[in-house]
Amino acid sequence: KFMNSLGFNKKEKDTKVIVAMSGGVDSSVAAVNLKKEGYDVTGVTLRLYNQPNSSKSKSCCAGIDITDAKKVAEQYNFPHHVFDYQDKFFNGVINKFVDSYANGETPVPCIQCNQTVKFSDLLKESQNLNADALITGHYAIRKGGLRKSKLFKAKDKTKDQSYFLFATLQDQLDYVRFPLGNYLKSEIRQMADDYNLLVSDKPDSQDICFVTSDSYRDLINKIQPDINKEGNIFDLNGNKIGLHKGIANYTVGQRKGVGVGGQDQPLYVKEVNKDQNYIVLAPLKSLQKNKFFFKNINLLDKEIANKEVECSAKIRSTQNEISGKLKIFNDSGYFLFNEPISATSPGQACVFYNNDQVLGGGWIS
């Protein structure tokens, strides 16, 4: 029985796909590859924030990136549309980013962007256009048919983005495709060169795309200037050892910029107390812990619901998974690591894995 490379039982020319094009090399190659395979391709770029002249490496979906995406579509003769999602992005991502810091948390805006504008709003837009699938340039692998698909790490582990996709709902995962997941980044760069794409040498977007100054704190000051209220800094014994410049400037595990010197050993932020406007500093050893609680869980493998499961997890995108026990009860749970790791702030994600498969994840509470 005929099945095309995206898993549909029809010819490529009869399969309509919307490709989310950020203006970077990855999504450009994804779009051109599918066009070359014969698919009915339409490129879509979201204008997420107003940054008309940006050419910085951390930018995405603004200014020159939109122009670059449009040029790639023109070069390979497929339609391209720009959707203005600035309001949706501000309300769904930027405002929540600032609110998290104001609440003593540390957000992961890339996950929230995937949850809202990409896999909610854009996905619905793609369905309204009668597309069979939404394509993104994420480095991840989706396995399975049209229903009950599973999410796995990318072939290129140095570029794997599965951590940022844990909040994808099952029906969304069934609809999206990640065609780059089985390639190395070096192979994608080579394809871009072979296809003579103007973005072939464009650097990868980095950090937080909408923070275009040297510090996210500048953005917080601009949007919520009243949250930078001074308060006390305490040590583990409750001794006052300094003044902080507003809790939005500090996250659990931070050492740089805490503004307290003259101590016997380096001190790190252990606690950020929003209600009483103080922070606690402590030696690194006291930040080590085994057990992390989380809420708002999203399971991509329903077989582990309300069970105790041995698997692995990580609380930062850049770290390797560590094995342990996962206990889930309804919408929350905890993970007990087999070895202590440095604590992280509420608002970060704990993502569970079984080897390369993403089982799901939750927001650390």
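In this predicted model, helix α3 passes helix α4 in a right-handed crossing. The axes of α3 and α4 (residues 109-128) are 9 Å apart and form an angle of about 165°. The two helices are therefore roughly antiparallel to each other, since an angle over 145 degrees counts as such.

**Helix α3 and its contact with α4**

- From α3, the residues that meet α4 are Lys88, Phe89, Gly92, Val93 and Phe97.
- The α4 side of this contact consists of Pro109, Gln112, Cys113, Thr116, Val117 and Asp121.
- Sorted by class, the residues of the α3 and α4 contact are 6 nonpolar, 3 polar and 2 charged.
- Helix α3 spans residues 86-102 and has a kink of about 30°, centred on lysine 96.
- The buried residues of α3 are Phe89, Gly92, Val93, Ile94, Phe97, Val98, Ser100, Tyr101 and Ala102.
- Among these buried positions are Phe89, Gly92, Val93 and Phe97, which also take part in the contact with α4.
- In an α-helix there are 3.6 residues a turn, so residues three or four places apart point the same way.
- After α3 comes glycine 104, with a positive phi near 75°.

**Helices α1 and α6**

- Helix α1 contributes Val25, Asp26, Val29 and Asn33 to the contact, and α6 contributes Lys185, Ile188, Arg189, Met191 and Ala192.
- The contact of α1 with α6 comprises 5 nonpolar residues, 1 polar residue and 3 charged residues.

- Most residues other than glycine have a negative phi.
- Lysine 148 is not a glycine, yet its phi is positive, near 55°.
- Lysine 148 sits in the loop that joins β5 (140-143) to β6 (150-153).
- Is lysine 148 buried or exposed? With a relative accessibility of 69%, lysine 148 is exposed.
- Asparagine 306 also has a positive phi, of about 55°, without being a glycine.
- The loop between β12 (288-299) and β13 (308-314) holds asparagine 306.
- Asparagine 306 has a relative accessible area of 45% and is therefore partly exposed.

**Loop positions and C-alpha distances**

- Aspartate 275 belongs to the loop between β10 (268-273) and β11 (278-282).
- Its relative accessibility of 73% places aspartate 275 among exposed residues.
- Aspartate 275 and asparagine 103 are 172 residues apart along the chain, with 8.6 Å between their C-alpha atoms.
- Threonine 251 is located in the loop between β9 (240-244) and β10.
- Threonine 251 has a relative accessible area of 15% and is therefore buried, as the limit for that label is under 20%.
- Between the C-alpha atoms of threonine 251 and isoleucine 135 there are 35 Å, at a chain separation of 116 residues.

- Alanine 20 is part of strand β1 (residues 16-20).
- The relative accessible area of alanine 20 is 17%, so this residue is buried.
- Leaving aside residues up to four places away in sequence, alanine 20 touches Ser27, Val44, Leu122, Leu134 and Ile135.
- From alanine 20 to glycine 43 the C-alpha distance is 6.2 Å, and the two are 23 residues apart in sequence.
- Alanine 131 lies in the loop between α4 and β4 (133-135).
- With a relative accessible area of 8%, alanine 131 is buried.
- Beyond four places in sequence, alanine 131 touches Lys16, Val17, Ile18, Ser126 and Tyr175.
- One of these, tyrosine 175, is 44 residues from alanine 131 in sequence, and their C-alpha atoms are 9.6 Å apart.

How values were computed: Residues numbered from 1 in each chain as written. Predicted model: local features only at pLDDT ≥ 70, side-chain atom pairs only at ≥ 80, totals over all residues. Heavy atoms only, no water. Bend = angle between axes of the 7 residues up to and from the residue. Helix = DSSP H or I, 4+ residues; strand = E, 2+ residues; numbered from the N terminus. Buried < 20%, exposed > 50% of the residue type's maximum accessible area, 1.4 Å probe, protein only. Contact = heavy atoms within 4.5 Å. Nonpolar A, V, L, I, M, F, W, Y, C, P; charged D, E, K, R; others polar. Axes fitted to C-alpha atoms, helices over the stretch in contact; angles between N-to-C directions. Parallel < 35°, antiparallel > 145°, perpendicular 65-115°, else oblique. Left-handed = near helix turned anticlockwise from the far one by under 90°.
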